Amino acid sequence: MAVLRESDTEPYLKVAGVTKTFGRFTALRDVSFDAQGGEFLCILGPSGCGKTTLLRIVAGLETQESGRVFFQGKDVSGLPVSKRNIGIVFQSYALFPNLTATENIAYGLKNRRKDRGAIRKRVDELLDLVGLQLMGPKYPAQLSGGQQQRVALARAMALSPDLLLLDEPLSALDAQVRISLRSEVRQLQRRLGVSTVMVTHDQEEALTMADRILVMDHGRIVQSGTPWDVYNKPATPFVAAFLGSMNFIRDAVREAAGWVRIGGVSLQVEDRFTDGIPPGTPVTVAFRPEDVVVHGAGDGPRNALPARVAALEFRGPRYRVSFHLNLGNGHVWTIDAEIPTEMIRRLGIQADMEMAIQLPADRIRVYPL
């Protein structure tokens, strides 16, 4: 019997060469991506980058100037939203205020003229699934924001959609509720096995919920990968800065393979980060605050630099510490480090303290200017 490989099958969702303009403004520029069956895909980017427009085109709520959208190999580019068998959850929830939670969830089933007993059974299943068994008789105004969002999710799943689309679904909630709900939404998606595309500008949401992240900037997808890859191997300075915090030093030069010079100091980096960059090329050196090693710890003296503590900011379990680096040639660079509070206490780190820091070679990224 032949083994069916993933590469032999059509993607569950395929977007090919989609462009969308509004007047003179180009919202999407030749955007293409795939999503596999059961995958949780996050489209991440700042406001105005085109991510919501892209989601609306997948849904059939907007029409693209060029490009096509396929569901399981079928071209749905010309189909209205009612013919695409999708579930949509909006940022505003869009619940009917005059209907109870039960009636909101049942709304689409009634429009499909389902049997009353079947509707009741399906609604009860969904209320149980989202943990709102006792909330069916309540109206949206009687529910918390988190409960309203669960009702919206249940309503979206009522018709067993082929694809679930989430447009900033947690952004209107309080921080603690968001943290709790994102885990619940992810677990629900896994139990149902429904392919899901979520739009968000919240990096933490994308990193904790997604199987794969598409990072968008100015109407284009600039990187696609797993959360680990996108965070630890950012393809561009934009991606590096948008996901988490990043230190940038822009006055560097690529020396030999695996080496860069900042001021009067040479730093070793992994060869792969300088491959393809000619010697003498001005580059930007980038590294994350949590990758800065203090007090000379780490792999010997390689990439150890003298530093002075400029400021400390208490953040509960950790401190954000700013260091001044004087590396010669008359330049002083300021970088940030994330240091556990326990280490701050143990080492007695305080403002104006002189100490050593270390930049691990495998954590430094190099970008041509």
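Is Phe238 buried, partly exposed or exposed? In this predicted model, local features require pLDDT of at least 70 and side-chain atom pairs count only at pLDDT 80 or more, whereas totals for chains, interfaces and linings use all residues. Residues are numbered from 1 along each chain as its sequence is written, and side-chain values use heavy atoms, with hydrogens and water left out.

Phe238 has a relative accessibility of 25% and therefore counts as partly exposed; buried denotes under 20% relative accessible area, exposed over 50%, and partly exposed the range in between (1.4 Å probe, protein chains only). Phe242, at 14%, is buried. Both residues belong to helix H8 (residues 237-242), where they are four residues apart, or about one helical turn. Helices (H or I, at least four residues) and strands (E, at least two) are DSSP runs, numbered from the N terminus.

Three aromatic pairs are found in a search of the whole structure. Pairing applies to rings of Phe, Tyr and Trp (its six-membered ring) with centres within 6.5 Å; planes under 30 degrees apart are termed stacked, over 60 edge-to-face, and the rest tilted. One of the pairs joins Phe96 and Tyr107, whose ring centres are 4.6 Å apart and whose planes lie at 45 degrees, so this pair is tilted. Phe96 is located in the loop between strand E6 (86-89) and helix H2 (101-111), and Tyr107 in helix H2, so the pair ties together parts eleven residues apart in sequence. Phe96 is partly exposed at 29%, as is Tyr107 at 37%. Phe238 and Phe242 form a stacked pair, with 5.7 Å from centre to centre and 15 degrees between the planes.
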